[in-house]
Amino acid sequence: MTAETRPPLSVTVLFDADKLVLELRHDAEGPYHVFPNGGSGAVGAPRVALSLEEALHARIRPAGTAEAVLRAWSRGPVPQGAVPLVDPSAVPPVRVRAGAVVVRDGAVLLIRFTRRDGTSRYEIPGGGVEEGETPETAVLRELDEETGLAGTLGPEIARVWKDGRHEHYFLVAATGEVGPPETLDTYGGVPVWVPVAELPATPLWPRRLSWRIEHWHRTGWPERPAELADSITELRPPCGW
């Protein structure tokens, strides 16, 4: 059998009533969940059943398959049985990005880009990790370059795979005030403070992270980084998965 004729790898989506059945495993960072592979799975791996609310906040691998399943589940009928295995974390990145989640007085610092038609989109401050840097050092450099703020690094709260990029998002405490626009390197964007409560309805990239930041701000930041694939390109429709 050649590579061209070999069937694609798949995982098995199983439900017990209205709960998703996954295998529970552990790595150096703690527990995570996987879809059973071909219905068999690892020997001795316990299975757990998660509600949609629980699954939305669980580390489920592979992240690309999890995105597709959670999107379908949040909207209606869910694919069951064998589904394609999509694991963006296993693909060498074309770019590694680090982003700073800065919250102050109930607002989060974003970079706003205004289109010619007057509509806006937003990004979390950050940029590419340069040669010789780590995401931890890059995020503070990028925050300074894009906003003029000095930052103190907090925990990594999310890892996002999107369009060949591996992105690391950190909670950062920042001091001072945003610098004058002419001193900032934002590629035409403008730093703005947006109320955290508005994030679920804000056209923010990465889309799957926006509502989670609002949720974490109310309920507590995650103990381990969320792992999210994000294939969303249109930022305005609501996203709840």
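Which charged end sits over the ring of Phe113? The charged end of Arg121 does, 4.5 Å from the ring's centre. The model is predicted.

Next, the ring–ring pairs. A pair of aromatic rings is described by the distance of the centres and the angle of the planes. The count comes to two aromatic pairs.

| Pair | Geometry | Centre to centre | Angle between planes |
|---|---|---|---|
| Phe15 and Trp73 | edge-to-face | 5.0 Å | 90° |
| Trp216 and Trp221 | tilted | 6.3 Å | 55° |

Take Phe15 and Trp73, the edge-to-face pair. Phe15 belongs to strand S1 (residues 10-16), Trp73 to helix H2 (residues 63-75), so the pair ties together parts that are 58 residues apart in sequence. Both Phe15 and Trp73 are buried.

Now the tilted pair, Trp216 and Trp221. Trp216 has 7% relative accessibility, so this residue counts as buried. Trp221 stands at 28% relative accessibility and therefore counts as partly exposed.

Last, a glycine. Gly81 lies in strand S6 (residues 81-84). Its relative accessibility is 24%, so Gly81 counts as partly exposed. Leaving aside neighbours within four places in sequence, Gly81 is in contact with Val11, Thr12 and Val13. Gly81 and Pro36 are 45 residues apart along the chain, and their C-alpha atoms are separated by 10.0 Å.

Note on methods. Residues numbered from 1 in each chain as written. Predicted model: local features only at pLDDT ≥ 70, side-chain atom pairs only at ≥ 80, totals over all residues. Heavy atoms only, no water. Phe/Tyr/Trp six-rings, centres within 6.5 Å; stacked < 30°, edge-to-face > 60°. Helix = DSSP H or I, 4+ residues; strand = E, 2+ residues; numbered from the N terminus. Buried < 20%, exposed > 50% of the residue type's maximum accessible area, 1.4 Å probe, protein only. Lys NZ or Arg CZ within 6 Å of the ring centre and 35° of its normal. Contact = heavy atoms within 4.5 Å.
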